[in-house]
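Visitor: I would like to learn how to read a helical model, one feature at a time. Where do we begin?

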Amino acid sequence: MMFMSNRFKSGSRMKVHKDIVYGLQLWVRENIGMKLRIQDIANKSGYSRYYIQHLFKQITGVTLATYIRDEKLACAKDALKNSDVEIVDVALSYGLNCQQGFTRAFKHKYGVSPGKYRLQQTLKK
């Protein structure tokens, strides 16, 4: 009986941890245009910076920093596809501080530069 009780507590704890992480993911998406620092997210969660990063990676399989960067890049990719806003302005609107860094990260993630991606999307229309 003791074993089942401990297993139940462990399962409950995991659900709570998942709920915390999913809540943080939602908060990040809702605030994607802001400069998001890990310490601010840790403060929001009520946990230490170290613990929330560990928990986030344990639940999602990616680091919190990678998740934030990927979300910003996904939003920027969508903006490039659906607007005529200058590339540098797209980068800045998602807190990506310079076009060069944005271009490098975008190309690493998607295999093409932001300008080439936009051109490809324009040709598809």
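**Reading the helices**

Guide: Begin with one residue. Lys-57 touches Val-62 and Thr-63, not counting residues up to four places away in sequence. Contact means heavy atoms within 4.5 Å. This is a predicted model, where local features need pLDDT of at least 70 and side-chain atom pairs count only at pLDDT 80 or more, while totals for chains, interfaces and linings use all residues. Residues are numbered from 1 along each chain as its sequence is written, and side-chain values use heavy atoms, with hydrogens and water left out.

Visitor: In which helix is Lys-57 found? Is Lys-57 buried, exposed or partly exposed?

Guide: First the terms. Helices (H or I, at least four residues) and strands (E, at least two) are DSSP runs, numbered from the N terminus. Buried means under 20% relative accessible area, exposed over 50%, and partly exposed in between, with a 1.4 Å probe and protein chains only. Now the case. Lys-57 sits in helix α3. Its relative accessibility is 45%, so Lys-57 counts as partly exposed.

Visitor: How do I read the packing of α2 and α3?

Guide: Axes are lines fitted to C-alpha atoms, for helices over the stretch in contact, and angles run from 0 to 180 degrees between N-to-C directions. Angles under 35 degrees count as roughly parallel, over 145 as roughly antiparallel, 65 to 115 as roughly perpendicular and the rest as oblique. Here α2 and α3 pack at about 90°, and their axes are 9 Å apart. The two helices are therefore roughly perpendicular to each other. On the α2 side, Ile-38, Gln-39, Ala-42 and Ser-45 meet Arg-49, Ile-52 and Gln-53 of α3.

Visitor: What angle do α4 and α6 make?

Guide: About 95°, with their axes 11 Å apart. That makes α4 roughly perpendicular to α6. The α4 residues are Asp-70, Leu-73, Ala-74, Ala-76, Lys-77 and Leu-80; they meet Phe-102, Ala-105, Phe-106, Lys-109 and Tyr-110 in α6.

Visitor: How far should the 19 residues of helix α4 span?

Guide: The expected span of a helix is 1.5 Å times one less than its number of residues. For residues 64-82 that gives 27 Å, and the end C-alpha atoms are 27 Å apart, so the two values agree.

Visitor: Which residues of α4 are buried?

Guide: Among them are Leu-64, Tyr-67, Asp-70, Glu-71, Lys-72 and Leu-80. Take Ile-68, also in α4. Ile-68 has a relative accessible area of 7%, so it is buried. Beyond its neighbours within four places in sequence, Ile-68 is in contact with Val-28, Ile-32, Leu-36 and Ile-41.

Visitor: Which residues touch the most other members of the largest nonpolar core?

Guide: A nonpolar core is a set of buried Ala, Val, Leu, Ile, Met, Phe, Trp, Tyr and Cys residues joined through side-chain atoms within 4.5 Å. The largest one has 30 residues, of which Val-28, Leu-36, Ile-41, Leu-80, Tyr-94, Phe-102 and Phe-106 touch the most other members. Helices α1 (2-30), α2 (38-45), α3 (49-60), α4, α5 (87-93) and α6 (99-110) each supply at least two residues of this core. The most come from α4, with 7 residues.

Visitor: How many aromatic pairs does the structure hold?

Guide: A pair of aromatic rings is described by the distance of the centres and the angle of the planes. Rings of Phe, Tyr and Trp (its six-membered ring) pair if their centres lie within 6.5 Å; planes under 30 degrees apart count as stacked, over 60 as edge-to-face and the rest as tilted. There are 5 pairs. Phe-102, Phe-106, Tyr-110 and Tyr-117 form one aromatic cluster.

Visitor: Is His-108 buried or exposed?

Guide: His-108 lies in helix α6. Its relative accessible area is 71%, so His-108 is exposed.
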